[in-house]
Amino acid sequence: MRLFLCFIYFVFINIVYVYTQILYECNFDDGNILHHCFTMSISVVSSVGKADLLPPDAPLSDVTSSLKPNDKGEVCQLPYQVKDYDWDMYFCHDDHCPTASNPNSWCNIGRFGHVQLFDTAEHVFPLSTPTGGINGTDEQCLIFYYYMSMIGTKNITIFKQEKHTHEEIIDSITSSPFNGWIRYNVSFISRTSDYEIFFVVQKMSTSGAPHIGFDEISIRQGSCDDQIETTIQSIITSSEMTTQDEITSKQTGDSTTGITTTILSSTSITPIDTSSSTTSSKEEIHTSTRVENIIISSYAQILPYETHHIIILSIIIPLVWIVFIVVVICIKRSNHIRNERSNSNRNIRLSNQIELHDVSPA
């Protein structure tokens, strides 16, 4: 019984621990151009363009539709071929994709944030939070999906700003390993709570008009190495490499704002086919980059902003408490009954001893 009680307590503590790890989560499925994951305006769409002879240069569907199980519990088998085109498809095509049981299954359509870069101006997208900041300190893990066109030179830089401090670069992305949604993890450290996160997007050359997409953004307490993903029937190949993160100073017309870089424990890109990494150096900060190549047959992946997780936890936690209380009451009652029996037996033995003493010969 004691072991069972310890097990219940352990399960309860772990449920609470997992639940409290999520500091921020947002996607664009229920958003519009005015209300979404950012405080600045960004297009909120379900797709950009159609499949053609040339590979797509913008997302044809969001992360939810191509990676989340459909109503039958199946996910898209990525990549796949469309018609006789000679390029790989990493999105739903006309709201459909092949699954294990059907070559033309229906996708659960969602939305994502999209911006097209026509000039070299910076596009700044602060995360929208109910309290105006992220409530967390120490090491944390930023997780998001991004799309980046294969054309042109562009850059996604993630900044963090704590109160009364300068902006700090968390990480910078300059390329995409394949033409689809990329899951990106990066660890960072926050010294104070209520900090802000900014995504800064910029085209670095005058040629082309690349597309950038964002979806499924979350921040969790602890290092990215501690985050657990549930992946079923997938083949994962990992390779470790060392890169050098670029540190720059953000110049304005009248003044210069100093930018430092937080200590990164790990940066993880999780593509679905191939991977690559770039190396840049202005000031050296070594960070371990983990690139995971996932060849998907059929899998279920935990995505941020899943409300049914909260519902499940809201049911499990009270049940665990009820079981815990019942077990404690049963143990106390069992101990009380055992003590009463022990006292009764002791009294009987004492009574027998007294009677034997009374009848013993003089």
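**Figure 1. The largest nonpolar core and its most connected members.** In this predicted model, the largest nonpolar core holds 34 residues, of which Phe 144 and Phe 199 touch the most other members. A nonpolar core is a set of buried Ala, Val, Leu, Ile, Met, Phe, Trp, Tyr and Cys residues joined through side-chain atoms within 4.5 Å; buried means under 20% relative accessible area, exposed over 50%, and partly exposed in between (1.4 Å probe, protein chains only). Two or more residues each come from strands E1 (22-26), E7, E8 (154-161), E9 (167-173), E10, E11 (196-203) and E12. Helices (H or I, at least four residues) and strands (E, at least two) are DSSP runs, numbered from the N terminus. A second, separate core has 21 residues, including Val 63, Tyr 80, Val 82 and Cys 92. In soluble globular proteins, nonpolar side chains tend to be buried together.

**Figure 2. Surroundings of Phe 144.** Contact means heavy atoms within 4.5 Å. Apart from neighbours within four places in sequence, Phe 144 is in contact with Ile 158, Ile 173, Ile 182, Arg 183, Tyr 184, Phe 199, Phe 214, Asp 215, Glu 216 and Ile 217.

**Figure 3. Strand E7 and its two partners.** Of the 11 residues in E7 (residues 138-148), 9 are buried. E7 pairs with strand E10 (residues 182-190) in the antiparallel sense over 9 bridges, and Asp 138 has Ser 190 of E10 as its bridge partner. Strand E12 (residues 211-221) also runs antiparallel to E7, joined by 8 bridges; here Tyr 147 is partnered by Gly 213. Two strands count as paired if DSSP finds at least two bridges between them.

**Figure 4. Backbone at Asp 138 and Asp 194.** Asp 138, in strand E7, has a phi near 70°, a positive value in a residue other than glycine. Asp 194 is not a glycine either, and its phi is positive at about 60°. Asp 194 sits in the loop between E10 and E11 and is partly exposed, with a relative accessible area of 31%.

Figure 5. Leu 78 and Pro 79 are joined by a cis peptide bond with omega of about -10°. Pro 79 belongs to the loop between helix H2 (63-67) and strand E3 (96-97).

**Notes to all views.** Residues are numbered from 1 along each chain as its sequence is written, and side-chain values use heavy atoms, with hydrogens and water left out. Local features need pLDDT of at least 70 and side-chain atom pairs count only at pLDDT 80 or more, while totals for chains, interfaces and linings use all residues.
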